[in-house]
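This report covers a set of local features, taking a side-chain contact, some backbone angles and a helix pair in turn.

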Amino acid sequence: MTSRHPESTRHPELSRRALLTGAAATVTAVATSQVVAGRSASAASANGTLVHVFLSGGLDGLSLVAPVDDPVLRKSRPNLRLTDRTALALDREFQLTSAFAPLERHLKDGHLAFIPGASDTRLSRSHFQAVDACNLGGLPSETGGRGWLDRLADHLGPGTAFRSVGIGGTLPRSLVGTNGALSLGSVEGLKLNGDPRFAAASIKAIEGLFSDINHPVERSMKAVVGALGVPPAPSEPAAGVTYEGIGVAFRQVAELIKGGANVRIAAITSGGWDTHEDQGTADGGYLHGRLSDLAEGLAAFFADLGDKASGVTVMVSSEFGRRVAANGSGTDHGHGGVVALLSGRKLAGSVLGRWDGLGQLDGGDVPEYNNLFNVYGSVAQSQFGLTDAQVRKVFPKRQYAPMKLFA
C-alpha cells in the first residue's frame with residue numbers, strides 16, 4: 001500500500017491489529033465467497049480437473065495438424081506444410097507435427113485429439129479483441145466482464161481456495177469474476193512457512209491472532225482457514241520427469257493435484273505465438289521448437305500425475321489461427337484455428353468435429369467449421385457433467401450444440 005494511516009505513528013500496536021483484521025476480512029471475503037457460492041449452485045456430478053492452456057499470439061494451427069498432402073497447402077505454403085516424412089498419422093487423413101512426438105503414446109492410446117477449423121464470428125484479427133473475447137467466452141457486453149472459467153466455477157460446487165487457480169503473476173482474464181480464483185507463481189511461494197513441519201503451527205497461530213478482538217472475523221476465522229486448506233508441500237516430480245519451459249507452469253498444477261488441493265479449474269497462459277516472420281519449417285525452427293516445448297511439458301505433466309491423470313483434461317487453444325498462405329517467412333493473422341485435447345479419459349478419435357476441407361477458404365483463412373465456444377462448452381460439459389442449460393449460462397448469447405468428444 002502507498003497510503004499511510006495518520007494513527008500509525010501514534011498507536012503502532014493498534015495499527016498492526018487493524019491491519020491484520022483488515023487483511024483477515026479480505027481473506028474471509030475471498031474464501032467464504034467460494035464456499036457459499038459453490039453450495040448455492042447445483043454441483044456437477046463429475047470430478048476431476050480441467051486445465052485450459054491459452055497460447056496468446058495466434059497459433060498457426062496448420063503447423064500443428066493439417067490434412068495430408070493437401071493441394072491448397074502445397075501451393076500456398078510449400079515450405080511450412082507438414083510432410084509425410086516426419087509427421088505423425090491421425091484419423092480422417094490428417095497428420096500431426098513431429099514436434100508432438102513426446103505425446104505419441106497418448107495419441108496411440110486414444111487420449112490425444114484435435115478439433116480443426118475452430119473459431120467464432122465475433123473474433124476479429126485484433127489480438128486485443130480476440131484474446132479478450134476468448135477469455136470472456138463472448139463479447140464484454142454479453143458476459144458482464146466475467147471470465148468464462150469463472151462462470152464455469154458457478155456450477156462446480158463447494159471447494160477450497162484452490163478450486164480455481166491461474167498459474168503466473170497475473171490472474172488470467174478467463175478467471176476474473178466473483179468466485180475468488182487464486183493466482184500463483186509457484187506452490188512453494190504459497191507456503192505459510194517454508195518448512196512443512198510448521199504448517200499446522202502456523203495455522204494455529206493465525207487463528208490465535210483473532211481470538212480476543214471481539215470482531216465478526218473471530219467467529220469465521222476457523223472456518224476460513226479450513227476452507228482455504230493448507231497448500232501441499234512442494235514435492236519433487238515423479239522419477240524420470242523433468243519440467244522445462246512451459247512445463248514449469250504444469251509442475252505447479254501437478255503439485256496441487258497430487259497434494260490433494262481439490263483443483264477443479266487451472267489456467268495457464270503462454271505468449272509468443274505470433275509468427276509473422278521466421279516461423280521456421282515443418283521440421284524445425286521457431287514454431288517447431290515452441291510446439292516441442294508444449295508437447296514435452298504436457299508429457300511431463302501426465303507422467304508426473306500418474307494415476308491421477310485419469311481425472312484430468314487439458315484443453316489448448318489460441319485466439320485465432322493464421323492465414324493459409326505464407327507471407328514470406330511467416331504467416332499473418334487468420335480465422336479458424338485448432339483446439340488440442342489431452343485427457344485421462346479416452347477420446348472419440350484423434351480428429352474431432354466437422355471438417356469440410358480447404359477447397360472453399362474464408363477470404364484466405366481456414367473456415368469456421370467448429371465454433372470455438374461450442375468446443376469450450378462441450379469440453380466443460382464432458383469433464384464436469386454439466387447440463388445443456390448450465391453450459392448456456394457459461395456462454396450466454398450462444399446457441400449451444402453439444403459435440404461428441406469422448407468415447
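The side chains of Q279 and T275 are joined by a polar contact of 2.8 Å. A polar contact is a pair of N or O atoms within 3.5 Å; within protein, one must be able to donate a hydrogen and the other to accept it, and residues adjacent in sequence count only if both atoms are side-chain atoms. The model is predicted: local features need pLDDT of at least 70, side-chain atom pairs count only at pLDDT 80 or more, and totals for chains, interfaces and linings use all residues. Residues are numbered from 1 along each chain as its sequence is written, and side-chain values use heavy atoms, with hydrogens and water left out.

Q279 is in the loop between β8 and α10; helices (H or I, at least four residues) and strands (E, at least two) are DSSP runs, numbered from the N terminus. With a relative accessible area of 1%, Q279 is buried. Here buried means under 20% relative accessible area, exposed over 50% and partly exposed in between (1.4 Å probe, protein chains only). Leaving aside residues up to four places away in sequence, Q279 touches D60, S63, L80, G285, Y286, L287, S329, G330 and T331, where contact means heavy atoms within 4.5 Å.

Most residues other than glycine have a negative phi. A positive phi, near 60°, also occurs at G306, which follows α10.

Helix α10 (residues 286-305) has 20 residues, and 16 of them are buried. At 1.5 Å a residue, α10 should span 28 Å, and its end C-alpha atoms are 29 Å apart, which agrees. The expected span is 1.5 Å times one less than the number of residues.

The axes of α9 (residues 247-258) and α10 come within 9 Å and cross at roughly 15°. That makes the two helices roughly parallel, a term for angles under 35 degrees. Axes are lines fitted to C-alpha atoms over the stretch in contact, and angles run from 0 to 180 degrees between N-to-C directions. On the α9 side the contact is made by G247, F250, V253, A254, I257 and K258, and on the α10 side by L294, G297, L298, F301, D304 and L305.

Definitions and conventions:
Angles under 35 degrees count as roughly parallel, over 145 as roughly antiparallel, 65 to 115 as roughly perpendicular and the rest as oblique.
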